[in-house]
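Have the viewer open while you read.

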Amino acid sequence: MEIISEGFLLLDAQERIILANTRYKEMYPTISDRIVPGATFQELCMLSAQRRQFSDELVLEEFVDRRLVQLRNPKGPFEQNLSDGRCLVVKEMRTAYGGTVSLVTDVTGFRRYENLLRERLAATEASADGIAICDADGRFTYLNEAAVALFGYGRRGELLGRGVAVLFEQESVEMLSQTAMPTMREKGLWHADARAVNPAGKGFDLELSLTAMGNQGCICVMCDITDRRIADRERERLQSQFYQAQKMEAIGRLAGGIAHDFNNILASILGYAALLIEDLPQDSRELDFARQVFQGGERARELVQQIVDFSRAQVGGKKLIDARDIVEETIELLTATLPATIELTCKMESEPLLLEANETQIGQVLMNLAVNARQAIEQERGKIHIEVKQVFIDGGRARGMMNLPEKAPLGRFEMASTPQGGSRMLVGVLGSPGPHLKLSVTDDGCGISHDVLLHMFEPFFTTKAQNQGTGLGLAAVHSIVMSHKGALSIDSQRGVGTKINVIIPLAKASAAAIELRAASKPGLRGRGERVLVVDDEPHVGEVMSIGLRRLGYRVEVAEGGAEGLRLLDFARDTGKPFDIVISDQTMPVMTGAELLHKVKDRYPGLPVILMTGFSETINEEAASAAGAAAFLRKPLNARKMADIVRLVLDGEMSLGEKPGEMG
């Protein structure tokens, strides 16, 4: 009895101690002095309770009664938890003569390891990553619930005992056997991505880590990285857009610099060409040459403005235009560029369709839509129909659209399916009711799918092959239409075609632009008023002065702001003050805006017109706030300049007036 590791206790039929080995006394140290032959088991129980031997919180009598019941009716092993943290397993049995044998085993260390394993198992089961254990043959011996769900199985038993090859695509299986396992056995660890497959045969991306175990098996930690891959691709896409945006910004800065210098050159070319047209005989061949030079200069001016507008370096100014003129010009250009296999037709109202708009941008909208329609016609043969008309909008274009969030990618929009199985998209919300321009472009091309329709107006989104499209054309259409307080509707069906409607508010009858008011007063001339032209480009100043003099103005030219102030002071001192000042904005030493401030301080009431080929430092709003009478963009021919000078001198317009106050 003394050499065994368990505690041994022998009781007689009256529950008195006959024998207790030393190990038994060691297991109950608080009562070891009372574990002697002749002592009753009940006395030992009462003493144990009194000395708080056990962690039970029962009162003394209850504890003693329960323990005596266990002794007298042994049913199997049971545990005792001692107050010192030990755990004992007690196994008791009756002897043939009515006594009792009690065998006690200290399982504290076992329980400690068992609890540790249980905690680790709980942590493993709680992990969001899949965790599995494989034996030396690569068969699963354990998988947590996350691993079972990760591969799309319903029960753990479906995978236990099976090889890992059933969970991966063939290429990944070869990688695991030829690379992963040898590396893991050599270095103890291997980590890489793999391609897994679920029971339905659908593959997905997996991050896999293998850690070697002493029995030649391994621990596998797995994580589904499908969402991460999608996020990485989205990040790459956004990064590409960012780089593209930076490139466009650089192009914008370059375009702005070119525009300023080029517009000054064009101002001279157009000015001298206009003078030649006035001076040459009507039947001369040279007059035709001069007209061709003038028309070429006008096209160059529009091209520069398109480059600037496209690069978003500046927002094009708006004026009162007849949409029919823009459509006719664009139709002519399209007719010359479309292949003969594409039939282009146009239906347009005969009455004027006046817009308060930027004519270059409206032309860009129609051109981009037509080019997009051309590219949708895949078989080289097809039809493009353009329709321009006036429609009345009651303001409720799409019910419920006002409740859509403003932060949506395209502002306010909604999608719907058509009865024919196509898709319809409405973008933007029109404001006040009234007459609107409806510009429609219809093609019989391949049509647009629902998914593509959702993204078609996003910048840099394109379905074209690499190097065949930038994804900016329709994005520019969306931006221009929204800037004109308009809206878009798109109806498309795969295999049938697409119709895109652009709806923009028509100008109110009371809104009169400067050019139209001038045109309503043909032949506006000067009455001998003195005009000071300030421009650091001598040719620009010269051509403006010649043109204005021919229309009845007395003109002097100053090459810079300092000389302009000197001439103003001299004119005042000699009693021949100037009636108006026309100044370029971008000049060395003193800008046009700086000259404007000085003129306002020295000569209150003297009107100043600012003009520029291009400027990032001042726009129409800033010029108006500074007190300019008008803000014009070069190149501007002498007659148009004279008309504006006349309107300013007569007090019929000012830069800060509102459309409703004009005319």
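1. Start with the helix pair: Ile326, Val327, Thr330, Leu333 and Leu334 in H9 meet Glu359, Ile362, Gly363, Leu366, Met367 and Ala370 in H10 (contact means heavy atoms within 4.5 Å). By class, that H9–H10 contact has eight nonpolar, two polar and one charged residues (Ala, Val, Leu, Ile, Met, Phe, Trp, Tyr, Cys and Pro count as nonpolar, Asp, Glu, Lys and Arg as charged, the others, Gly among them, as polar).

2. Before going on, the ground rules: this is a predicted model, with local features needing pLDDT of at least 70 and side-chain atom pairs counting only at pLDDT 80 or more, while totals for chains, interfaces and linings use all residues. Numbering runs from 1 along each chain as its sequence is written, and side-chain values use heavy atoms, with hydrogens and water left out.

3. On geometry, H9 (residues 323-337) and H10 (residues 359-376) pack at about 40 degrees, axes 10 Å apart (axes are lines fitted to C-alpha atoms, for helices over the stretch in contact; angles run from 0 to 180 degrees between N-to-C directions). Helices (H or I, at least four residues) and strands (E, at least two) are DSSP runs, numbered from the N terminus.

4. Now the sheet: five strands in the order S21-S20-S22-S23-S24 make it up, open and with parallel pairing (strands pair if DSSP finds at least two bridges between them). S21 (554-558) and S24 (630-633) are the edges, each with a single partner strand, so one side of each lacks a neighbour in the sheet. Strand-to-strand twist averages 20 degrees.

5. Within it, S20 (residues 530-534) and S22 (residues 580-584) pair over four bridges, in the parallel sense. Leu532 sits opposite Val581 in S22.
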